[in-house]
Amino acid sequence: MSQSKTGVPPQRRQTALAASQRVSHHPIQRPSGFVPRAAAVRVVAEVVHQRRALDDALDRAFSMPIYAGLEQRDRAFARLIAVTVLRRYGELDAVVRCFIDKPLPENQGLLWPILLSASAQLLCLDTPPHAAISLAVEQTRADGGARRFDKLVNAVLRKVSVEGRAKLATLDGPRLNTPAWAWKRWVEVYGESQAHAIAAANLTEAALDISVKSDAAGWAGKLEGVVLPNGSIRVKGRGRIEDMPGYNDGEWWVQDAAASLPGRLLGDVKGQSIADLCAAPGGKTAELIVAGANVTAVEVSANRIARLADNLARLKLDADLVTADVTAWAPDRLFDAVLLDAPCTASGTIRRHPDILRLKREGDIAKLAVLQSKLLTAASKLVRSGGLLVYCTCSLEPEEGSEQARQFLAANPDFTRVPVRAEEIGGLSEAISSDGDLRTLPTHLKMEDPELSGLDGFYAARFRRA
């Protein structure tokens, strides 16, 4: 399940990846379907071997000359293969290993990403075996480090195509696809049954959630979606977001339903002065502006501020944008309310970002918890007397959620917790913890259609300054 199982040291893997890149640019005619599959393999290798974020790996791949001319359909197929491998890495890895008798040498180039990508096509994407296998063999021959394994790839994938589904059916996919450290933590926090349900929910890609400026019912009809209890619109079976009605007119923005809830905990913000900290990409900022608030949005980098500015410009919304480190920011005034969406491991968003399963390590939690504590302390100093402070993260980990709230209240007696009420969050009473905080899980919001079910895992706590 882990990248160490390939037995290839990181430095050797990166060298092999660079070598394969040189080979893949060789100007020879490739069979139909080769190039998008090669792009998928490259993306998988960069995420798993180089710990590069999926979106960055996709951008890098599609900017390369060999892949830059791919049509949108082929780009979508390449992404689908890569996402499927990352989401089901553990069980695909286990199936492939069933058909390899001897340990493989360290210098294997892109062999393993090729095998897993082809297996994903065979077992999960219903690709015809002759196409998946023959193109995987072609990829192997085109890779400098893997070319000597072409016969092995052919033999293993033929067995996968015949026996793989039976093997797959015997495996506990949710458990295998979850890193051991994350599984252990989720069992301790949520119990084994709930942990398994969370891991199972992560195997289904999240539907597209949309926040609208107004007329949710009308836009649900235009976008062929459904209105959720919180007022978001959920859409299934979409194409390019930019081609959907209303996008270029700035009528809506993409925002998971769970991500829309923390802003609602500030109540009626019309006319109020609100600081939105760590604000990019700007969904919560937009939400507060549409609700009538005067928003100051703060981000640490110019790039993130630029992204936020672009999103607000499309939406035709205005905010005061500030580039600053929140822990050092000292404005000349206090705010009626402050919303802090702190950087975190994002373990609640695996349905949307399966690369998190391959990128994050248990040690990241403690490091980020230190930063979150500093940010929360800094945010509290910006709240006027009687004002509200909402702290939130898209994490499932207590150190990034309830433990932060506990430590903050212990250290700041001038703040008190304000419990969340079900009517504030669309009646989602299951998403209120025993302490009165918001705690959504990927298993929440079950609907008749499984592909329309689920929420990102979010935590939010609300405090009032005395």
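Colleague: In which loop does Leu 445 lie, and is Leu 445 buried or exposed?

Modeller: In this predicted model, Leu 445 sits in the loop that runs between strand S11 (438–439) and strand S12 (459–465). Leu 445 has a positive phi of about 60 degrees although it is not a glycine. Most residues other than glycine have a negative phi. Because its relative accessible area is 10% and the cut-off for burial is under 20%, Leu 445 is buried.

Colleague: Where is Ala 346 placed, and what is its phi?

Modeller: The loop that holds Ala 346 lies between strand S8 (335–341) and helix H17 (356–359). Ala 346 counts as buried, because its relative accessibility is 15%. Its phi is a positive value in a residue other than glycine, near 60 degrees.

Colleague: Why is strand S5 described as largely enclosed by the rest of the structure, and which residues lie on each of its sides?

Modeller: Strand S5 (residues 273–277) is largely enclosed because 5 of its 5 residues are buried. In a regular strand the side chains alternate between the two faces of the sheet. Both faces of S5 are covered, with the buried residues Ser 273, Ala 275 and Leu 277 on one side and, on the other, the buried residues Ile 274 and Asp 276.

Colleague: How many bridges join S5 to strand S6, and what is the bridge partner of Leu 277?

Modeller: S5 and strand S6 (residues 294–299) run parallel and are joined by 5 bridges. Within S6, the residue that partners Leu 277 is Val 298.

Colleague: Which residues does Val 322 touch, leaving out those up to four places away in sequence?

Modeller: Val 322 belongs to strand S7 (residues 320–323), and it counts as buried because its relative accessibility is 17%. Its C-alpha atom is separated by 53 Å from that of Arg 165, a residue 157 residues apart from it along the chain. Beyond the sequence neighbours, the residues that Val 322 touches are Thr 296, Ala 297, Val 298, Glu 299, Ile 305 and Trp 329.

Colleague: What is the strand order of the open sheet of 4 strands, and which are its edge strands?

Modeller: The open sheet has antiparallel pairing and the order S2-S3-S1-S4. S2 pairs with strand S3 (residues 233–235) over 2 bridges, and Val 227 stands opposite Ile 233 in S3. The strands that pair on one side only, and hence form the edges, are strand S2 (226–227) and strand S4 (252–254).

Colleague: How far apart are the C-alpha atoms of Leu 223 and Val 235?

Modeller: Leu 223 is found in helix H13 (residues 216–223) and counts as buried, because its relative accessibility is 6%. Val 235 is among its contacts, together with Ile 210, Met 244, Pro 245 and Trp 252, when neighbours within four places in sequence are left aside. Although Leu 223 and Val 235 are 12 residues apart along the chain, their C-alpha atoms are separated by 7.1 Å.

Colleague: What radius of gyration does the protein have, and what would a compact globule have?

Modeller: The secondary structure of the protein comes to 19 helices and 12 strands, and buried residues make up 54% of its 466 residues. For a compact globule with 466 residues the radius of gyration would be near 23 Å, which agrees with the protein's 24 Å.

How values were computed: Residues numbered from 1 in each chain as written. Predicted model: local features only at pLDDT ≥ 70, side-chain atom pairs only at ≥ 80, totals over all residues. Heavy atoms only, no water. Rg over C-alpha atoms; globule rule 2.2 N^0.38 Å. Buried < 20%, exposed > 50% of the residue type's maximum accessible area, 1.4 Å probe, protein only. Contact = heavy atoms within 4.5 Å. Pairing = 2+ DSSP bridges.
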